[in-house]
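I opened this notebook page to record what I looked up in one structure.

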Amino acid sequence: MAIEFLEWLAATPLSSGLRRSALVYMAVNAAHILSIGLLIGAILPLDLRLMGCFGSVPLAVLGPFLSRAAAVGLVGAAITGFALFSVKPMEYAGNLAFLAKLGLLVLGIVNAAVVHAQAAWRRAVSGSAPAFSLRLQAGLSAAVWISALLAGRWIGFV
């Protein structure tokens, strides 16, 4: 089933269009990099703030804004990443760095969902000091997203 899907994906107009046009591939790749930049550029300052850095910056203002910016970056990176994946799906599906990146992305998304579902997050963005558990989750988040970025860069070298 998975192999059939990957073969189908490689034959889609999206995939063949990206393979045929270096300009389109470059634009999608650039959009992927910009989306990753937005994701990491939003999530790391938020994680650092939750861990206690930049204490003079109100989390009530910063938290919701950076959280939404990171979500926009994640959606953009997922869409453009899927398009880039479609160019060589069989190759990427067997790439350990790619698989590590996917696992880290899932872990990062689950962690973010858990954080946002907690009362500790709501209290923190309402002006209370972040709970110790929230600080730990922010540290995990920073480590996971940086690791996902590194795994993504590693894909081309494996």
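**Entry 1. Basis.** I worked from a predicted model, in which local features need pLDDT of at least 70 and side-chain atom pairs count only at pLDDT 80 or more, while totals for chains, interfaces and linings use all residues. Residues are numbered from 1 along each chain as its sequence is written, and side-chain values use heavy atoms, with hydrogens and water left out.

**Entry 2. Whole chain.** I counted 8 helices and 0 strands; helices (H or I, at least four residues) and strands (E, at least two) are DSSP runs, numbered from the N terminus. Along the sequence I read the pattern α-α-α-α-α-α-α-α. For the extent, I noted that the C-alpha atoms fill a box of roughly 55 × 30 × 25 Å along the principal axes.

**Entry 3. Helix 3 and its partners.** I looked up helix 3 (residues 22-50) against helix 4 (residues 59-85) and found an angle of about 150°, with the axes 7 Å apart. Axes are lines fitted to C-alpha atoms, for helices over the stretch in contact, and angles run from 0 to 180 degrees between N-to-C directions. Helix 3 and helix 4 are therefore roughly antiparallel (under 35 degrees is roughly parallel, over 145 roughly antiparallel, 65 to 115 roughly perpendicular, the rest oblique). Their contact has 21 nonpolar, 9 polar and 1 charged residues; Ala, Val, Leu, Ile, Met, Phe, Trp, Tyr, Cys and Pro count as nonpolar, Asp, Glu, Lys and Arg as charged, and the others, Gly among them, as polar.

I then took helix 3 with helix 8 (residues 132-154), whose axes come within 8 Å and cross at roughly 155°. Helix 3 is thus roughly antiparallel to helix 8.

**Entry 4. Helix 6 and helix 8.** For this pair I recorded an angle of about 155° and axes 8 Å apart. That makes helix 6 roughly antiparallel to helix 8.

**Entry 5. Surface.** Which residues form a nonpolar patch on the surface? I listed Leu-96, Leu-99, Leu-102, Trp-154, Phe-157 and Val-158, with about 650 Å² of accessible area together (Shrake-Rupley method, 1.4 Å probe; for residues, only the protein chains shown count as cover). Patches are made of residues with over 30% relative accessible area and no salt bridge, like charges being joined within 9 Å and nonpolar side chains (Val, Leu, Ile, Met, Phe, Trp, Tyr) within 5 Å. A salt bridge is a side-chain nitrogen of Lys or Arg within 4 Å of a carboxyl oxygen of Asp or Glu. Helix 6 (residues 96-117) gives the largest share of the patch, 3 residues.
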